[in-house]
Amino acid sequence: MCTYSTEKLALEKSSGKGPDGWFPLETATVYYDHPVHAPDAHTVNIDFLNPDRGPGARVAVELSLESARELLAALAVTVERAAHH
């Protein structure tokens with residue numbers, strides 16, 4: 001794999017849902033690379049993980065650049081609105 005850009009962050013008070021149900025998330029890794037499943041040559045990929053729980057405690061996302069931009073905008077709007085509640 002030839003990851004072009006990687007950002008890793010610790011998550012607090014976060015959860016993800018996998019095949020075995022909900023589990024606490026500890027980290028998120030955001031990177032631009034070749035996807036495993038998405039049809040584009042490169043995608044923005046997000047892995048939400050809890051490494052202490054093994055490889056099954058992972059939620060993986062592959063987004064086209066346009067979808068990533070739309071998600072980023074939606075997150076910004078939602079976080080800003082939530083700050084006023």
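Contact here means heavy atoms within 4.5 Å. The model is predicted: local features need pLDDT of at least 70, side-chain atom pairs count only at pLDDT 80 or more, and totals for chains, interfaces and linings use all residues. Residues are numbered from 1 along each chain as its sequence is written, and side-chain values use heavy atoms, with hydrogens and water left out.

**View 1. Overall fold of the protein.**
The secondary structure comes to one helix and four strands, where helices (H or I, at least four residues) and strands (E, at least two) are DSSP runs numbered from the N terminus. Along the sequence the pattern is β-β-β-β-α. The C-alpha trace spans about 40 × 30 × 20 Å along its principal axes. Of the 85 residues, 25% count as buried; buried means under 20% relative accessible area, exposed over 50%, and partly exposed in between (1.4 Å probe, protein chains only). The protein exposes about 6300 Å², with carbon and sulfur atoms supplying 58% of it. Accessible areas come from the Shrake-Rupley method with a 1.4 Å probe, and for residues only the protein chains shown count as cover. Among contacts between residues at least 6 apart in sequence, 34% join residues at least 24 apart.

**View 2**
The strands form an open sheet in the order β1-β2-β3-β4, with antiparallel pairing; two strands pair if DSSP finds at least two bridges between them. β1 and β4 stand at the edges with a single partner strand each, so one side of each has no neighbour in the sheet. Neighbouring strands are turned by 20 degrees against each other on average, direction ignored. Helix α1 (residues 65-82) packs on the sheet and touches β2, β3 and β4, its direction making about 115 degrees with that of β4. Axes are lines fitted to C-alpha atoms, for helices over the stretch in contact, and angles run from 0 to 180 degrees between N-to-C directions.

Strands of a sheet pair through backbone hydrogen bonds, either parallel or antiparallel. β1 and β2 run antiparallel and are joined by 11 bridges; the two strands form a hairpin with two residues between them. In this pairing Ser5 stands opposite Tyr32 in β2. Seven bridges join β2 to β3, also in the antiparallel sense, and Tyr31 stands opposite Asn45 in β3. β3 and β4 pair antiparallel over six bridges, with Ile46 opposite Val61 in β4.

**View 2. The largest nonpolar core.**
Five residues make up this core: Leu11, Phe23, Leu25, Ala28 and Ala57. A nonpolar core is a set of buried Ala, Val, Leu, Ile, Met, Phe, Trp, Tyr and Cys residues joined through side-chain atoms within 4.5 Å. Strand β2 (residues 21-33) gives the most to the core, with three residues. Not counting residues up to four places away in sequence, Leu11 touches Leu25, Glu26, Thr27, Ala28 and Phe48.

**View 3. Surroundings of Thr27.**
Thr27 is found in strand β2 and is buried, with a relative accessible area of 15%. Leaving out residues up to four places away in sequence, the contacts of Thr27 are Lys8, Leu9, Ala10, Leu11, Asp47, Phe48, Leu49 and Pro51.

Side chains of opposite charge can pair when their charged atoms come close. A search of the whole structure finds one salt bridge, defined as a side-chain nitrogen of Lys or Arg within 4 Å of a carboxyl oxygen of Asp or Glu. The partners are Arg58 and Asp47, with the closest N and O atoms 2.9 Å apart. Arg58 lies in strand β4 (residues 58-63) and Asp47 in strand β3 (residues 43-49), so the pair ties together parts that are 11 residues apart in sequence. Arg58 is partly exposed at 41% relative accessible area, whereas Asp47 counts as buried at 10%. β3 itself is mostly covered, with five of its seven residues buried.

**View 4. Backbone at Lys13.**
Most residues other than glycine have a negative phi. Phi of Lys13 is near 50 degrees, a positive value in a residue other than glycine. Lys13 lies in strand β1 (residues 5-18) and counts as exposed at 87% relative accessibility.
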